[in-house]
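I opened my notebook for a first walk through this structure. Come along, and keep the view at hand while you read.

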Amino acid sequence: MLRLVLSLALLDPTAVTEVSQRNVPAPRVLTPDGDRLGYAPVPRPYTGARRLTGVLLGHDPVSRRDVLCGGTVIGSRSRSLVLTAAHCLYHHGRLLENLAFLPGYDGGRPGLGIWPAVRTWVPARWRNRPYSPGLLPYDVGLVGVGRGKRPLEAVTGRGLRPMATDRGTTLQGLELLGYPAGKGYPGGTRLYRCLGDATEAVSEGPGLMVTRNCHAAAGGSGGPALYGGSVAGVVSSSSPLSDTKGYTVLARLGNKPFKRMFARADRTMQSRQRG
């Protein structure tokens, strides 16, 4: 089982550092027409899970910077939940303001509308403890969104089913989706994909997955890792872009903290809709 050396960078689009060399060695790029990070633009029009994916926008009141992450609609009884990374909601320990989800985002246009956040959930340890690499397995967040009386899934279609994986699970052929904002990309306005094989990253806690076929850049946080029509995890972090053998870390959805958080969020949004 791979033991991950935790020299990681949370994917903060406000602090982009670029390098010129290829970050994923060419033989490791699995994506057809994949670039130096393993990514390629998603063909238009966006359909299926790609239509459910979009950008999550927020504002950090202290740094006064806007933050862009990825997110995707996750299937729920409330039909109003978005899956993302916890650090996309709590930026440097602060809850972001003015959060909104834009599904089907393309070319700067919110294809399926702008959905303001009404509630957010992250694991308690992420909210209450200072950041450390040991928190990465818990870098998963949920956003409850609302706009009028129609739930999110009435507009986007049915959300993705969460796929629970046990620690040690190996998955081949994951598809990572996101909106990279660094050099060579259109400023976080177009959806990109990367195909990768994922293995276990650490042996402690609920574990993490890592792929060495994709090297996510700033703006890629919170995007889904898809497998067989389900979502198995979210893009959490990556090795620094100066790493010539870059990799991406994925927070899995199979742990008990996520399941409890998901059930609580779904109940809350259902109660809100009934009220």
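**Entry 1**

I started with the contacts of T248. Neighbours within four places in sequence set aside, T248 is in contact with L176, M209, V210, T211, C214, H215, A216, V235, S237 and S238. A word before I go on: the model is a predicted one.

Next I looked up where T248 sits, and found it in strand β19, which covers residues 248–252. Is T248 buried or exposed? It is buried, since its relative accessible area is 0% and the cut-off for buried is under 20%. I also checked what its side chain touches: the side chain of T248 reaches the backbone nitrogen of A216 at 2.8 Å.

**Entry 1: the disulfides**

How many does the structure hold? I noted two. As a reminder to myself, a disulfide is a covalent bond between the sulfur atoms of two cysteines.

I took C194 and C214 to begin with. They form a disulfide, with their sulfur atoms 2.1 Å apart. The torsion about the S-S bond of C194 and C214 is about -95 degrees, so I wrote this disulfide down as left-handed. C194 lies in strand β15 (residues 192–200), while C214 is in the loop between β16 (209–211) and β17 (224–227), so the pair ties together parts that are 20 residues apart in sequence. C194 counts as buried at 0% relative accessibility, and C214 counts as buried at 0% too.

Then I turned to C69 and C88, which form a disulfide with sulfur atoms 2.2 Å apart. Here the torsion about the S-S bond is about -85 degrees, so this disulfide is left-handed. The pair links distant parts of the chain: C69 belongs to strand β4, C88 to the loop between β5 and β6 (90–91), and they are 19 residues apart. C69 is buried, with a relative accessible area of 2%, and C88 is buried with a value of 2%.

Counting bonded cysteines along the chain, I get the pattern 1-2, 3-4 for the disulfides of the protein.

**Entry 2: strand β4 and its partners**

C69 made me curious about its strand, β4. How many of the 10 residues of β4 are buried? Eight are, so β4 (residues 65–74) is largely enclosed by the rest of the structure.

On one pairing, β4 goes with strand β3 (residues 53–60) in the antiparallel sense, over eight bridges. I picked out two opposite pairs there: H59 stands opposite D66, and G58 stands opposite V67. β3 and β4 form a hairpin with four residues between them, and R64 in that turn has a positive phi of about 60 degrees.

On another pairing, β4 goes with strand β5 (residues 81–84), antiparallel again, over three bridges. Which residue of β5 is the bridge partner of T72? I found L83. The hairpin of β4 and β5 has six residues between the strands. R79 lies in the loop there, and its phi is near 60 degrees, a positive value in a residue other than glycine. At 35% relative accessibility, R79 counts as partly exposed.

Strand β8 (residues 97–103) holds N98. Phi of N98 is near 55 degrees, a positive value in a residue other than glycine. N98 is exposed, with a relative accessible area of 65%.

**Entry 3: two prolines**

Last, I looked up two prolines. P45 is in the loop between β2 and α1 (49–52). A cis peptide bond joins R44 and P45, with omega at about -5 degrees.

P27 sits in the loop between β1 (9–10) and β2 (40–41). Is P27 buried or exposed? P27 is exposed, with a relative accessible area of 74%. P27 and N213 are 186 residues apart in sequence, yet 9.0 Å apart in space, C-alpha to C-alpha.

Conventions. Residues are numbered from 1 along each chain as its sequence is written. This is a predicted model: local features need pLDDT of at least 70, side-chain atom pairs count only at pLDDT 80 or more; totals for chains, interfaces and linings use all residues. Side-chain values use heavy atoms; hydrogens and water are left out. Buried means under 20% relative accessible area, exposed over 50%, partly exposed in between (1.4 Å probe, protein chains only). Two strands pair if DSSP finds at least two bridges between them. A disulfide is a pair of cysteine sulfur atoms within 2.5 Å. A polar contact is a pair of N or O atoms within 3.5 Å; within protein, one must be able to donate a hydrogen and the other to accept it, and residues adjacent in sequence count only if both atoms are side-chain atoms. Contact means heavy atoms within 4.5 Å.
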